[in-house]
Amino acid sequence: MIPKAQDARAIPAAIGIGMRTPHFDEIIATRPAIGWLEVHAENYLGGGPAPVRLDTIGQEYPLSLHGVGLSLGSAEGLADDHLRRLRTLIARTEPFLVSEHLSWSITGDAYLNDLLPLPYTEESLDIVVGNVAKAQAALGRRLLVENPASYLCYRHSTMPEPDFLGELVRRSGCGLLCDVNNIFVTCNNLDLNAEAYLEALPAAAVGEIHIAGHSRVMRGSQSLLIDDHGSPVAPPVWDLYRRAIERFGLVPSLVEWDNNLPPLAQLLDEAQKARAALATVDSDACAA
Amino acid sequence: MLALHEVQAAFRRAILTGDTDTFCALVATDGLAPEERLGVYRNNVFASLTAALRETFPAVCRLVDERFFAYAAHEFICRHPPESAVLAEYGGRFPDFLAGFAPCRELVYLADVARLEWLMNVAANAAHANPIAAMTLADVVAEDAPRLTLQLHPSFGFVASRWPIDRIWRANRTEAAAEATIDLAAGGVWLEVSRADANIIMRVLDSATFTFRSAVQRGETLARATEVVLVADPAFDLCRALPALFLDGAIIAVSLAQSHAGSEIRQ
């Protein structure tokens, strides 16, 4: 059974930014004109002042909860305690979007704090579909599932990632969070075509877009792109973003910046660039 | 073909034990070696978890320097990876790990400083709870008083050390805070950590108060907690110690043990 869908398209398409703790006071004091804010759910699952701060922010801006620790790809299933705490946070913050990743982090009760890659097989698909269904039922919300940034692929994968995501959408009823920077990084690292990847996603399922910076490291004569969210968005990722908007429509889009966190003003500049990109695609593009 | 749970177990072994053969055999070898590709994930895992530990144990990190801290954190992460995704709750076993970690054996106070920082982290992330007033005890009839148990606010924690860890912590809490010299022979300290609003409070207690409050926190009855203290400190005065607990906002519930086990008076 699919829980009642929270239709992201009912939200006015607008540009949001990832809200990180060092920017909190400035956001509250200056209330920048930004459409919405997204936070990492795991930073607010404990006690202390953090959830109270989130209440304050939630009174000023629509919130999106972005999970990084549910481990939808774990063969051993989902952690009930984590789901329970997430459900409590959702009830408290009433986010307009709830998202997670196509990846895994937990095996043998160890949480490996990274978005680890799955082999794209029928077995993995069954497991992820089951986990997404369980999460959606437990949380009472439709999840948006994000394509990961990948640095390797498995020999025994039998389907391309966008096809896997398409089947996941069809069988679980989840939506997609399309991270265009992740598409760019993955396609560079695994020698795939980013435009073709974008074309292969089920457009109607995309309820949010992420845009972020990456870095390049050299390994011998080969370069790897690292999805480190630590720099401005790269020009080819802006191009891919424009293609994504053309294909998916004006879905809520988020600028993420996590490492080497810049002053808030620079992050807001990136959001302004995203607005400008929207405007070139569609003259009716939103103002935040 | 390995089942997914076997793939994930192999990945874990590759990251945490360095046994990469099984996993690397699963990885397509276009261009870069599987080991190089795996290395990106390994780096993400250790860098992020080390950063989480550094955030929870900043004074420990200053005491040993960044490089040694990263080395100790790496060894700790391999042996005790987190069990949940809430990283603010990761590191409770780090103090005991440091106590047994041979390369830092000469820093005899290090594990106790880590225990103090862990209590500060627990206090910072403890759930909100409303303290109750001493007036609550007005409902208790005299003969029930020895069977009272008091529930401490979840932000409260206690650590005793043979070393002046409060001064050591203060001298290492920021780069700037430098107390010239700390005399390790100055003696031990009994500390209480708690939170008021968003502020973490560290207080030095006398040994009797420390013993009493620790016993109360363990769930001992008032009679038992008092007995424990009186063994070491015959001058202990419950009539002052008990109201002080309430005045400090330390009590969030009282109940009666044994015959009315768990029956709550007021929360």
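This note sets out numbered points on a predicted model with chains A and B.

1. Confidence. For the complex as a whole, the predictor reports an ipTM of 0.92 and a pTM of 0.92. Chain B has an average pLDDT of 92, with 94% of its residues scoring at least 70. In chain A the mean pLDDT is 92, and 93% of the residues reach 70 or more. Residues 1–10 of chain A have a pLDDT below 50, and this stretch makes 19 contacts in the model beyond near neighbours in sequence. A further stretch of chain A, residues 283–288, stays under 50 in pLDDT; for these residues the model has 14 contacts beyond four places in sequence.

2. Overall form of chain B. The secondary structure of chain B consists of 11 helices and 6 strands. Its radius of gyration is 24 Å, whereas a compact globule of 267 residues would have one near 18 Å. Taken along the principal axes, the box filled by the C-alpha atoms of chain B is roughly 80 × 50 × 30 Å. Of the 267 residues in chain B, 36% are buried. Among contacts in chain B between residues at least 6 apart in sequence, 64% join residues at least 24 apart.

3. Domains of chain B. Chain B is divided into domain 1, residues 1–107, and domain 2, residues 127–267. The centres of these two domains, taken over C-alpha atoms, are 36 Å apart.

4. The contact between the chains. Chain B contributes 41 residues to the contact and chain A contributes 38 residues. On the side of chain B that touches chain A, the elements giving two or more residues are α1 (4–16), α3 (34–56) and α7 (110–125) of chain B. The largest share of that side, 10 residues, is supplied by α3(B). By residue class, the side of chain B that touches chain A comprises 27 nonpolar, 8 polar and 6 charged residues.

5. The nonpolar cores. The largest nonpolar core contains 138 residues, and those with the most contacts inside it are Val145(A), Leu176(A), Val180(A), Ile211(A) and Val113(B). Helix α7(B) gives the largest share of this core, 11 residues. Beyond its neighbours within four places in sequence, Val113(B) is in contact with Ala59(B), Val60(B), Leu63(B), Ile165(B), Ile168(B) and Trp169(B). There is also a second, separate core of 12 residues, which includes Phe212(B), Ala225(B), Ala250(B) and Val254(B). As general background, nonpolar side chains tend to be buried together in soluble globular proteins.

6. Helix α6 of chain A. Helix α6 of chain A, residues 180–189, is largely enclosed by the rest of the structure, because 9 of its 10 residues are buried. The buried residues in α6(A) are Val180(A), Asn181(A), Asn182(A), Ile183(A), Phe184(A), Val185(A), Thr186(A), Cys187(A) and Asn189(A). Against which elements of chain A do the buried residues of α6(A) pack? They pack against the helices α7 (194–200) and α8 (235–248) and the strands β8 (175–179), β9 (206–212) and β11 (222–226) of chain A. Following α6(A) is Asp191(A), which has a positive phi, near 60 degrees.

Definitions and conventions
Residues numbered from 1 in each chain as written. Chains lettered and ligands numbered in written order. Contact = placed C-beta atoms within 7 Å. Helix = DSSP H or I, 4+ residues; strand = E, 2+ residues; numbered from the N terminus. Nonpolar A, V, L, I, M, F, W, Y, C, P; charged D, E, K, R; others polar. pLDDT = per-residue confidence, 0-100. Domains from an automatic or database assignment. Buried ≥ 20, exposed ≤ 12 C-beta atoms within 10 Å, placed from the backbone. Rg over C-alpha atoms; globule rule 2.2 N^0.38 Å. Core = buried A, V, L, I, M, F, W, Y, C linked by C-beta atoms within 7 Å.
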